[in-house]
Amino acid sequence: MTEHVIPRSKPFRLNWDKTLNTTGAWVLALLWFLPLAYAIWTAFHPALYEVRFDLTAPLTLENFSKAWEAAPFGRYFLNTVILVTGILVGQFILCTLAAYAFARFEFPGKSVLFTLVLLQLLVMPDILIVENYKTMRHLGLVDTITAIALPYLASGFGIFLLRQTFMTIPKELEDAARLEGCSILGVLWRVYIPLAKPTYLAYGLVSVSHHWNNFLWPLIITNSVETRPVTVGLQVFAAVDGGLEWSVINAATLLTSGPLLIGFLLFQRQFVQSFIRAGIK
């Protein structure tokens, strides 16, 4: 007779690493979401329900209209769009040319110059605020959007990222383009830039997010409504108009952070995939 052996089930073992990582991720997500949830709740409900979480509370858009009328947020948004667009265009041009030179050309001092670019990654921008302010004052650019943008046009991170991407492009493609009669800039425009689109998208998202939220340098270098971005405008609005309800202040906060939040929710998949393709982990 054939003896049937009943297989024993493996004892349950708790994977502590996975459990702790999952628990930590949920805790961090909760800590991130709670302030946002409170801001959304107070912004869409009357001031009476700032600390009363009643599901039957009436919804209202009055807080947004009050915030919009209490401060020139239209001007703040325009300044911010001009600022982040100008910085992004300048960074794309300067970083592309510098990265192409470091990736494909040989010239004296190349290693030293690239080392200096990498050292820029170790320098916090806040350390240079005093010197940057002195420079802008000598140039007569204090209280201008140009003064906010100038210190960020040459990005060490952007140069490094694009250089690494350009070095992965086969040299044979450049040789073929040169045989077809392309100039140096023609090769850059027709070969390197199209193949580096994921990297440009990833870096563009990081740049826009950072400079949209940048606060300290714009606060120091600007003095008037005509040049303040939304982050500085929100701080001035909350500090000067201290008599306003939290519901109005949170409505103004959502106005300033809403575009970035919506953009991230819409393009989060492309954002992650762009970084993966760019080689960032």
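# Exercises on a predicted helical model

A search of the whole structure finds 16 aromatic pairs. The model is predicted, so that local features need pLDDT of at least 70 and side-chain atom pairs pLDDT 80 or more, while totals for chains, interfaces and linings use all residues. Residues are numbered from 1 along each chain as its sequence is written, and side-chain values use heavy atoms, without hydrogens and water.

**Exercise 1.** Classify the aromatic pair formed by Phe77 and Trp212, and state which parts the pair ties together.

*Solution.* A pair of aromatic rings is described by the distance of the centres and the angle of the planes. Rings of Phe, Tyr and Trp (its six-membered ring) pair if their centres lie within 6.5 Å; planes under 30 degrees apart are stacked, over 60 edge-to-face, and the rest tilted. For Phe77 and Trp212 the centres are 6.2 Å apart and the planes make 50°, hence a tilted pair. Phe77 belongs to helix 3 and Trp212 to helix 10, so the pair links parts 135 residues apart in sequence. Helices here are DSSP runs (H or I, at least four residues) numbered from the N terminus.

**Exercise 2.** Determine how helix 3 and helix 9 are oriented, and which residues make their contact.

*Solution.* Helix 3 (residues 73–104) and helix 9 (residues 184–195) pack at about 95°, with axes 12 Å apart. Axes are lines fitted to C-alpha atoms over the stretch in contact, and angles run from 0 to 180 degrees between N-to-C directions. Angles of 65 to 115 degrees count as roughly perpendicular, and helix 3 and helix 9 are therefore roughly perpendicular to each other. The contact (heavy atoms within 4.5 Å) involves Thr96, Leu97, Tyr100 and Arg104 of helix 3, and Ile184, Leu185, Val187, Leu188, Tyr192 and Ile193 of helix 9. These residues divide into 8 nonpolar, 1 polar and 1 charged, where Ala, Val, Leu, Ile, Met, Phe, Trp, Tyr, Cys and Pro count as nonpolar, Asp, Glu, Lys and Arg as charged, and the others, Gly among them, as polar.

Conventions
Helix = DSSP H or I, 4+ residues; strand = E, 2+ residues; numbered from the N terminus. Parallel < 35°, antiparallel > 145°, perpendicular 65-115°, else oblique.
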